[in-house]
Amino acid sequence: MQKLTVNLWMQGTAEEAGEFYASALPEAKSEIESRYPTEGLLDFQQPFAGKALTVSVWVRGTKITLINAGGEFSPNASISMILSFNSDERDALDATWAALSEGGNVLMPLDAYPFSTRYGWVSDKYGVSWQLMESTEPVQDAARVMPSLMFGGAAQNRAAEAIAYYSVVLGAKLDSAFPYGQATEVATAESLMFAQFSLGDDLVAAMDSGVAQDFSFTPGVSLEWPCEGQEEIDRVWDALSAVPEAEACGWLTDKFGVSWQIVPSNMGELMERPGAFEHMLGMKKLVIDEF
């Protein structure tokens, strides 16, 4: 059962992007999950009154959330989504690639590589990064849609450290790890060329960039982690939050620069309470009794 949800910051385009992804991605659909209230908004949120706040995109049963917001942040390639296809799904892979590439930016051309018979990396027209990969072995359902964290820029060579830390805080389990073996221009021989870890039933990939990057993690892509009760929220928040000025409305930034949303597992129910959105705006760490 999915617990970790990738959240993508959309600059006022969440509804439009949801419709795009529903048509571009395999076995996908989208729906408006929540709307901004019409009152109790901050000044900069007034243009969004009554409009979509979050749009859910379901890709092969995996939920991705689009956040409708302003121009403060945008996604980048530090966190991408890996879409894996079986060898008999090449037509679907090629069609997905064509749709995502239109108006986007190709980072690695769709081609054969030593690690995949057909692979490509592209940032779409909304700046969201996708890795499409053909596998010669049957792909497990949990691995068909998987977030991938690239540790570059200020987070260079910290992938192994991050996985170890997430194991302590969130119970992550390392499934596989492949070091570079020899140094690149920025990666050490011990740095991770590729790794995969589990967060419960969710799979996450991680790697250290092999080349210099002038960007790293931002709130443009955040990871939402639900907690059972206030005690769990307190524990995870205290362990992860490393940038006090980044704390707002349940958002935090950890010591690697990754943005997280630490929320109650019944967040949807809480947000239905009168004045809940306005109450949330006044919080940093979310406090269930204050909704």
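Trainee: How many salt bridges does the count come to?

Mentor: This is a predicted model, in which local features need pLDDT of at least 70, side-chain atom pairs count only at pLDDT 80 or more, and totals for chains, interfaces and linings use all residues. Residues are numbered from 1 along each chain as its sequence is written, and side-chain values use heavy atoms, with hydrogens and water left out. A salt bridge is a side-chain nitrogen of Lys or Arg within 4 Å of a carboxyl oxygen of Asp or Glu. By this rule the count comes to 9.

Trainee: Arg-60 forms a salt bridge with which residue?

Mentor: Buried means under 20% relative accessible area, exposed over 50%, and partly exposed in between (1.4 Å probe, protein chains only). The closest N and O atoms are 3.4 Å apart, and the partner is Glu-27.

Trainee: How far apart are the closest N and O atoms of Glu-33 and Lys-63?

Mentor: Glu-33 is partly exposed at 42%, and Lys-63 is buried at 17%. These two residues form a salt bridge, and the distance between the closest N and O atoms is 2.5 Å.

Trainee: Which residue follows H2 and has a positive phi?

Mentor: Helices (H or I, at least four residues) and strands (E, at least two) are DSSP runs, numbered from the N terminus. Helix H2 covers residues 90-101. The residue that follows H2 has a phi near 80°, and this residue is Gly-103.

Terms used. The expected span of a helix is 1.5 Å times one less than its number of residues.
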